[in-house]
Amino acid sequence: MAGLTAVILAGGAGTRLRPLTDDLPKPVLPVANRPFIEYLFDNLREAGVSRVIMALGYRAQPLVERLGDGSAHDLTITYAVEDEPLGTAGAVHALLPELRETFLVLNGDCLTAVDIGAMVAQHIERRDYATLAIHTVDDPSRYGVVLTDGIGYVNRFIEKPPGPRFPARTVNSGVYVLEPEMFRFIGPGYAMFERDLFPATLMAGVEIGTFPWQGYFMDMGTPESYLQLNRDVLTGIAPTRRPPTEPRKAPAVHHSARIDGPVSLGEGVTIGAGAVVVGPAALGDGCVIADEARVEDSVILSGSRVGSGARVRGAILTPGVVVPEGTAVGPGGVYAGGEAVAGAPADAADA
C-alpha cells in the first residue's frame, strides 16, 4: 500500500539513557555514525510510507533541525510538539485531523525485523480496526504481555509482569497498524495504548488483531542496549537497509595504526602512531585516538580524545570526553562530559 502515513512516537525524555540524552533526544543519537531514526526511515520507505509525523516532546528542536522537511530522506516529515505529555495514544489522538486513512504507529527507539508491508496487507485483508506486531522474548518483564486467542486476536494485556513466572512471553513490540475510528473509544488528553485505548476497545467488543513475527528486536532505551545496537549494526546482525559504514583509511590515520574488524569512522577522526582500534567500534566526528592508545568494542562520540597509551574497552564516551594518557576505562561504563575521565592505570587494567 503506497502513500502510507507513519506516526513515530519520539516524545520521551530518555531518562534511562542519561547522560547520552542530556543534549540530544534518543532518535538522533548516532548509531554507527548515523542518527538512529534514519534506520527507521529506511524500513518505512521500503514498506511504502511516504509521510512521517514525528510526535515530539523532550528536546524537540535538535531533531527538527536535523531532519528538516524530510526531503533528504525521500519522505515528507511534519512535527507535532506536545506542550505537556499526552501519552502514546493521546499523542496520536491529537493528530486525528491529519489521519484520515489506515496509518502506522511505531516507537522512535526500537529497531525490529517486522515486515511492515506484510503486516499492513494482513490488516487490510482482515478489515481490522487495529493490528499489533507481537514478538516472543525470553524475559517479558520490560514489556507489555499480549495474550491471544487461537486465531490471533487479543484476549488481554498485562503491562510489565514481574515474573519469574509469566502468563505468556509474547509481547507488544510497539508497531501498530490502525484505523482512525479506533480513537472513538477514548477522549482527548493523556492516554496510553496499552492501559487505556486497547483495553477500552476490547471492553467495547471490538477485536484487535495481531501480527506475530520473529527476528531482530532491540529497544535502545538503556546504555547497554545502545552499545549492543551499535555492535549489531556494525556486524550486520541488525536488519538495516544499507551496509555499515566502512572504515576509511584517511590521511588522519597514521600508517602504523591498526584497525581490525568492523569500525565506523566519522569525519575528521585522527588515529595516532601505533594506536589500535578493534571493532565493533564507532568513532564520531573529530575524535582523537592518540599514539599507542587502544579502543575496543566501544562507542566514542564526537570530539572525544583517548590519550596516549590509554585503553577504552566496552564503553561509551559522550561528546568531548578526555581519557588521560596511560589510563584505562570500561567495560560497561558511560563516561560523560567535556572533562578528563579518571581511570585505572592501563597496565593494571590489562594485567
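Two strands pair if DSSP finds at least two bridges between them. Strands here are DSSP runs of E with at least two residues, helices are runs of H or I with at least four, and both are numbered from the N terminus. This is a predicted model, in which local features need pLDDT of at least 70 and side-chain atom pairs count only at pLDDT 80 or more, while totals for chains, interfaces and linings use all residues. Residues are numbered from 1 along each chain as its sequence is written, and side-chain values use heavy atoms, with hydrogens and water left out.

The term pLDDT stands for the predictor's confidence in each residue, from 0 to 100. Its mean over the protein is 87, and 91% of the residues reach 70 or more. Where pLDDT is low, the predicted coordinates should not be read in detail.

β4 pairs with β5 (residues 76-81) in parallel through 6 bridges, and R51 stands opposite T76 in β5. β4 also pairs with β1, again in the parallel sense, over 7 bridges; here V7 stands opposite I53 of β4. A residue is buried if its relative accessible area is under 20%, exposed if over 50%, and partly exposed in between (1.4 Å probe, protein chains only). In β4, 6 of the 8 residues are buried, so the strand is largely enclosed by the rest of the structure.

The next topic is the nonpolar core, a set of buried Ala, Val, Leu, Ile, Met, Phe, Trp, Tyr and Cys residues joined through side-chain atoms within 4.5 Å. The largest one holds 59 residues, and L44, V52, M54, L104, Y226 and L229 touch the most other members. Helix α1 gives the most to this core, with 6 residues. Apart from this core lies another of 28 residues, including I53, L99, A130 and F157. In soluble globular proteins, nonpolar side chains tend to be buried together.

Helix α1 spans residues 36-46 and contains D42. D42 is buried, with a relative accessible area of 6%. The side chains of D42 and R45 are joined by a polar contact of 2.6 Å. Such a contact is a pair of N or O atoms within 3.5 Å; within protein, one must be able to donate a hydrogen and the other to accept it, and residues adjacent in sequence count only if both atoms are side-chain atoms.

In helix α4 (residues 116-126), the buried residues are I116, M119, V120, Q122 and H123. They lie on the same side of α4, because they cover an arc of only 160° around the axis, an arc taken from the directions from the helix axis to the C-beta atoms. Among the elements covering them are β1, α1, β6 and β8. After α4 comes R127, with a positive phi near 60°.

How values were computed:
Contact = heavy atoms within 4.5 Å.
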